[in-house]
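Please open the structure in your viewer and keep the selection tool at hand. The tour below moves from stop to stop, saying what to select and what is found there.

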Amino acid sequence: MRGILTFLGAALLVIITTSILLYEDEGEVITIGASSGPYSDMVNLALKPALEEQGYTVEIVEYTDYIQPNNALNNGDLDANLYQNVSFMKDFNEENGTELLNLIQVPTAPMGLYSSDSDSLESIANGSEVALPLDPVNSSRGYQTLEDAGLIEISEDANMLAIEQEDIVQNNKNLEFVFQDSGQLPRSVDQIGLSLVPGNYALASGMDLNDALQLEQMNENFRNQIVINAEDEDSSMADDLIAAVESDHFKQTIDEEFKGFDKPEGF
């Protein structure tokens, strides 16, 4: 009887030890959500290896819309996500009562004005329709890109994070504005002829950033961020995510694989 108990005890010890070793080998699991296209690629190619060097096991969940990644983060299904700028995140918090926190900026594909009808800004026909993103933050980016292109002028009193048509004081080409879900905007280049396409959707559709008639002159409000729950602000996970973005591997991968992306200052 004593021999059987000794054997069972030894077997149990082996199982426990093996489980501990397997857990240590796997490392802490971190689940990151990202929009399909360049930002899921950025997580896969640049962020994941840098986190694995710190001992993490990285799971990636891809999304095709702008709402579910934040819902999943708020619900605890994700530890972090990468797809949005700080202005979009703040609006989401305000509208949904969430407490999401922007952790660190990452290089971002700029929005571009693309056309299937015109090969220059000057050749855009008077009265042309132009498609813009439906949500207020990204439509504001679109309006600012049109102003940078010299096609419209925006009132100095406008809230640059929530520009409305009423804020346009000069419409040099009498453009007619059409608002669509961001995922439809690449198709609108052909369907409408003129479209402001966020960089991630442009790249996911096989478009070349260099084909844009005008690229966005991005500011920090519109660069994408790694976002976490505010309760994790002081966690080791947050510190490790920042370290991963600041790592040599991350920066080298951006230089090699994400040419044309707008980089944060000092990156």
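This is a predicted model: local features need pLDDT of at least 70, side-chain atom pairs count only at pLDDT 80 or more; totals for chains, interfaces and linings use all residues.

Residues are numbered from 1 along each chain as its sequence is written, and side-chain values use heavy atoms, with hydrogens and water left out.

**Salt bridges**

Begin with the charged pairs, taking a salt bridge to be a side-chain nitrogen of Lys or Arg within 4 Å of a carboxyl oxygen of Asp or Glu. By this rule there are three salt bridges.

Select Arg141 and Glu216, which form a salt bridge whose closest N and O atoms are 2.7 Å apart. Arg141 sits in helix H5 (residues 136-148) and Glu216 in the loop between strand S11 (214-215) and strand S12 (224-229), so the pair ties together parts that are 75 residues apart in sequence. Helices (H or I, at least four residues) and strands (E, at least two) are DSSP runs, numbered from the N terminus. Are these two partners buried or exposed? Arg141 is buried, at 6% relative accessibility, and Glu216 is also buried, with a relative accessible area of 10%. Here buried means under 20% relative accessible area, exposed means over 50%, and partly exposed lies in between (1.4 Å probe, protein chains only); the areas come from the Shrake-Rupley method.

Next select Arg223 and Asp262, another salt bridge, with the closest N and O atoms 2.5 Å apart. This pair links distant parts of the chain, since Arg223 is in the loop between S11 and S12 while Asp262 is in the segment after helix H9 (248-257), 39 residues apart. Arg223 is buried, with a relative accessible area of 11%.

Then move to Lys263 and Asp255, whose salt bridge has its closest N and O atoms 2.5 Å apart. Lys263 is partly exposed at 35% relative accessibility, and Asp255 is partly exposed with a relative accessible area of 42%.

**A negative patch**

Now select Asp41, Glu62, Glu256 and Glu257, which together form a negative surface patch. Such a patch is made of residues with over 30% relative accessible area and no salt bridge, like charges being joined within 9 Å; Asp and Glu count as negative, and the place of the charge is taken as CG of Asp or CD of Glu. Within this group, Asp41 lies in helix H2 (residues 38-52) and is partly exposed, with a relative accessible area of 37%.

**Buried residues and their contacts**

For the following stops, contact means heavy atoms within 4.5 Å, and neighbours within four places in sequence are left aside.

Select Leu82 in strand S3 (residues 80-85), which is buried at 2% relative accessibility. Leu82 touches a list of residues that includes Gly33, Tyr39, Val106 and Ile226.

Continue to Ser87 in helix H4 (residues 86-96), a residue that is buried at 6% relative accessibility. Which residues is Ser87 in contact with? They are Val137, Leu161, Asn221 and Phe222.

Ala109, the next selection, is in the loop between strand S4 (100-105) and strand S5 (112-115), and is buried with a relative accessible area of 2%.

Select Ser188 in helix H6 (residues 185-191), which is buried with a relative accessible area of 1%. Ser188 is in contact with Ala131, Gln180, Gly193, Leu194 and Ser195. The C-alpha atoms of Ser188 and Leu132, 56 residues apart along the chain, are separated by 9.5 Å.

**Two loop residues**

Return to the loop between S11 and S12 and select Gln217, which is exposed, with a relative accessible area of 56%. Although Gln217 and Pro110 are 107 residues apart in sequence, their C-alpha atoms are 7.6 Å apart in space.

Finish at Asn174, in the loop between strand S8 (168-171) and strand S9 (176-180), which is partly exposed at 44% relative accessibility. Phi of Asn174 is near 50°, a positive value in a residue other than glycine. Most residues other than glycine have a negative phi.

Key: Patches are made of residues with over 30% relative accessible area and no salt bridge: like charges are joined within 9 Å, nonpolar side chains (Val, Leu, Ile, Met, Phe, Trp, Tyr) within 5 Å. Accessible areas come from the Shrake-Rupley method with a 1.4 Å probe; for residues, only the protein chains shown count as cover.
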